[in-house]
Amino acid sequence: MLYSLTMVTKNWYSDWFDSKYYHVLYKNRGQTDAEFFIRNLITFLNPDENSHILDLGCGKGRHSKFLFDNGLKVTGLDLSENSINCAKIHETERLHFSVHDMRNVYQRDQFNFVFNLFTSFGYFNSQIQNQQVMNAVDVQLKQDGILVLDYLNAQKVRNTLVPNEIITHDGIKFNITRHISNGNVFKRIKFEVNKKTYSFEERVELLEINDFKTYLNATTLRLIHTFGGYELKEFQPEKSDRLILIAKKEK
Ligand SMILES: C[S@@+](CC[C@H](N)C(=O)[O-])C[C@H]1O[C@@H](n2cnc3c(N)ncnc32)[C@H](O)[C@@H]1O
């Protein structure tokens with residue numbers, strides 16, 4: 001297996017996720033939803049109190065904090081310095097946050113679980129880099145460790161895309177347009193603050209189960225379950241809001 005170190009050059013995800021306006025637009029992204037999902041995952045996975053969890057692409061740490069509240073040791077990593085600075089306010093001996101690029105290995109053979117939640121994958125538009133993330137996850141998990149990857153359901157996104165939307169938060173009117181092209185969903189976000197016009201674009205690859213299986217099969221991780229939403233119901237391609245993959249590190 002080949003591992004390489006990725007240099008962080010500026011691109012849409014490092015700019016937009018690190019922008020203060022990203023947090024204004026998504027301010028209603030719920031702690032309640034995060035806690036509901038984590039509670040269900042804990043019931044399903046049954047981690048013991050010595051388990052060390054890596055929250056990869058942790059943002060401001062909404063899942064990490066709740067995992068810690070449930071007695072688990074947690075490391076949260078994200079590329080966004082601003083998000084990690086916010087998360088660090090909550091640090092303790094068993095809850096740690098760091099700026100890190102998920103394409104690179106942080107600590108080898110260290111974690112019982114790696115969580116990659118709320119579509120924190122698929123930004124690179126490069127199979128090599130997607131594989132690099134999966135390889136890094138594999139190396140960082142201990143034997144029998146578990147990856148939980150929570151992604152959009154590509155089929156549902158294709159069938160229900162809302163092309164135009166206006167969302168207002170904190171007096172900022174966000175004009176949002178969406179389209180699908182070349183297997184990616186694009187979301188253009190335009191707004192004005194103090195007479196200055198801003199424009200950002202999110203792009204996420206519409207990856208399907210079989211794409212993930214290909215990435216997993218090139219590692220020692222094997223898919224053991226799929227779920228279709230945070231209540232952990234069965235995945236149904238036409239209906240499910242999410243595609244949640246559970247993979248186990250095998251010999
Ligand atoms: C949709 S947000 C989800 C954040 C968090 N998991 C949550 O649910 O609140 C995706 C996150 O992935 C992070 N991210 C994007 N590319 C990354 C990379 N290469 N390495 C680490 N984090 C990255 C972004 O900075 C952002 O915080």
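**Exercise 1. Helix α4**

Task: Which residues of helix α4 are buried, and what covers them?

Solution. Step 1: The buried residues of α4 are Arg 62, His 63, Ser 64, Phe 66 and Leu 67. Buried means under 20% relative accessible area, exposed means over 50%, and partly exposed lies in between (1.4 Å probe, protein chains only). Helices (H or I, at least four residues) and strands (E, at least two) are DSSP runs, numbered from the N terminus. The model is predicted: local features need pLDDT of at least 70 and side-chain atom pairs count only at pLDDT 80 or more, while totals for chains, interfaces and linings use all residues. Residues are numbered from 1 along each chain as its sequence is written, and side-chain values use heavy atoms, with hydrogens and water left out.

Step 2: The cover over these buried residues includes α3, β1, β2, β3 and β4 (111–116). Contact here means heavy atoms within 4.5 Å.

Step 3: Just after α4, Gly 71 has a positive phi of about 90 degrees.

**Exercise 2. The sheet**

Task: What is the strand order of the open sheet, and which strands stand at its edges?

Solution. Step 1: The seven strands of the open sheet follow the order β3-β2-β1-β4-β5-β11-β10, with mixed pairing. Two strands pair if DSSP finds at least two bridges between them.

Step 2: β3 (95–99) and β10 (221–227) are at the edges; each has a single partner strand, so one side of each lacks a neighbour in the sheet.

Step 3: From one strand to the next, the twist averages 20 degrees. Axes are lines fitted to C-alpha atoms, for helices over the stretch in contact, and angles run from 0 to 180 degrees between N-to-C directions.

**Exercise 3. Strand β2 and its partners**

Task: How many bridges join β2 to β1, and how many join β2 to β3?

Solution. Step 1: Strands β1 (residues 52–56) and β2 (residues 73–78) run parallel and are joined by five bridges. In this pair, Leu 54 has Thr 75 as its bridge partner, and Ile 53 stands opposite Val 74.

Step 2: The chain passes from β1 through helix α4 (residues 62–69) to β2 in a right-handed β-α-β crossover. Right-handed means that, with the strands pointing away from the viewer, the path from the first strand over the helix to the second runs clockwise.

Step 3: β2 also pairs with β3 in the parallel sense, over five bridges. Asp 78 faces Val 99 in β3.

Step 4: Together, β2, α5 and β3 form a right-handed β-α-β unit. Five of the six residues of β2 are buried.

**Exercise 4. The largest nonpolar core**

Task: Which residues of the largest nonpolar core touch the most other members?

Solution. Step 1: A nonpolar core is a set of buried Ala, Val, Leu, Ile, Met, Phe, Trp, Tyr and Cys residues joined through side-chain atoms within 4.5 Å. This core has 49 residues, of which Trp 16, Leu 147, Phe 174, Phe 191 and Phe 212 touch the most other members.

Step 2: Strand β5 (residues 141–152) gives the most to the core, with five residues.

Step 3: Leaving out residues up to four places away in sequence, Leu 147 touches residues including Val 114, Met 134, Leu 216 and Ile 246.
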